[in-house]
Amino acid sequence: MNNKGNTKIRIFSGTRPTGFLHLGNYLGGLKGYLDLQNKQNYDCIYAVVDLHGITSPYDSKTYQDKIREVVLEYLACGLDPKKCHLLIQSQVPQHVELAYLLGTLYPVSRLEQLPTYKEKKKEQPHYMNMGLLYYPVLMAADILLYKTQFVPVGKDQGPHLEVTREIARIFNRRFGKTFPEPQIYLTSSSYIPSLTGEGKMSKSKEGSYINLVDDLRTIKIKLARVPTDTGKGKKVPQKGGVAVLLALVEIFEGEEKRKDYEKLYLEKGIQYKSLKEELAIAIYKELKPIQKKRKYFEENPELVNEILEQGRKHASRIAKQTILEVKQKMGIV
Ligand code: TYM
């Protein structure tokens with residue numbers, strides 16, 4: 001249905017190599033990747049989107065290490081090369097080629113209005129480059145190049161996915177049905193709040209995240225800094241540090257535990273010190289096996305290279321077909 005002679009359902013997603021992955025990336029992104037790789041008849045491609053990463057300030061000398069880190073974390077979290085394909089975006093040049101072609105169909109004014117673009121303007125006023133404006137178009141190209149049907153991402157990527165769907169519609173209307181309109185695939189925790197109690201967990205916000213590589217001591221220190229209150233009140237807080245702690249309790253210790261704490265809040269009061277201790281242990285319990293697996297792949301670089309090479313070959317095959325079809329339809333060949 002999606003590619004000639006191929007009835008598999010195509011999945012694509014990607015992560016920027018901005019440093020170690022955090023709990024937001026894991027719970028909102030990777031958990032979705034894992035769900036879908038385990039489905040029958042799905043063809044999943046998961047990329048490290050290095051070309052997106054360079055739209056924000058970065059260090060060219062360490063960038064290859066950063067890219068490698070994401071690959072290691074993908075594998076450590078359980079992405080299995082027997083069930084999915086791993087890819088470095090820049091190794092398939094058709095991503096950029098398709099982005100240019102699609103960019104000619106989309107109004108600049110709409111890109112300027114996107115909330116993610118406006119946020120970047122505030123975050124990095126001295127680094128406003130063309131790549132930032134083009135970011136959603138390149139993302140659309142990533143997705144449409146593989147005629148993707150489902151995109152596992154966190155809620156924060158919703159506006160970008162809408163642009164992708166719109167570009168698919170514009171292209172199909174003008175040049176004939178070519179792309180499916182990809183749908184977002186959300187996990188049960190598709191929005192992980194920041195540990196500061198304001199906004200989302202994000203690499204660009206200091207003090208907001210727990211990394212997948214963090215040890216128990218570091219997790220404890222980070223949780224200790226989450227702002228709290230007296231532990232008691234008439235209404236359980238829906239915002240701020242306490243809400244963040246309760247959200248994490250629900251994810252890592254279960255819904256019942258959260259309900260227990262909510263009851264305590266309304267009656268006897270919560271002891272945040274022990275809540276944070278217990279939560280740190282529960283988080284670390286989930287991260288420990290990931291850290292162990294990461295070590296294994298770190299020590300076997302040849303194996304990782306081979307996995308990436310297989311991914312590149314698979315993706316290239318599909319990418320070449322799509323680019324040819326697009327160019328033919330646009331009258332370029
Ligand atoms: P990036 O690198 O910011 O994040 C990677 C994944 O992590 C998710 N995520 C979160 N989920 C829940 N709560 C959070 N606090 C949180 N923080 C991050 C993101 O939603 C994402 O799934 N634009 C994309 C990368 C990209 C892409 C693509 C994704 C480029 N091309 C094509 C899908 C398909 C991004 O910046 O993700």
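**The shell around the ligand**

Mentor: Of the 26 residues around the ligand, those that come nearest are Arg 16, Tyr 135, Asp 142, Gly 154 and Asp 156, where a residue counts as near if one of its heavy atoms lies within 4 Å of the molecule. This is a predicted model, in which local features need pLDDT of at least 70 and side-chain atom pairs count only at pLDDT 80 or more, while totals for chains, interfaces and linings use all residues. Residues are numbered from 1 along each chain as its sequence is written, and side-chain values use heavy atoms, with hydrogens and water left out.

The shell divides into ten nonpolar, twelve polar and four charged residues; here Ala, Val, Leu, Ile, Met, Phe, Trp, Tyr, Cys and Pro count as nonpolar, Asp, Glu, Lys and Arg as charged, and the others, Gly among them, as polar.

Turning to polar contacts (pairs of N or O atoms within 3.5 Å), a backbone N or O atom of Gly 154 lies 2.8 Å from an oxygen atom of the ligand. A nitrogen atom of the ligand is 3.2 Å from a polar backbone atom of Gly 24, and a ligand nitrogen is 2.9 Å from a polar backbone atom of Met 201. The protein buries 97% of the 710 Å² that the ligand exposes when taken alone, with areas computed by the Shrake-Rupley method with a 1.4 Å probe. Two or more residues of the shell are given by each of strand E1 (9-15), helix H1 (23-37) and H7, where helices (H or I, at least four residues) and strands (E, at least two) are DSSP runs, numbered from the N terminus.

Definitions and conventions:
Polar contact = N/O pair within 3.5 Å; in protein donor to acceptor, adjacent residues only side chain to side chain.
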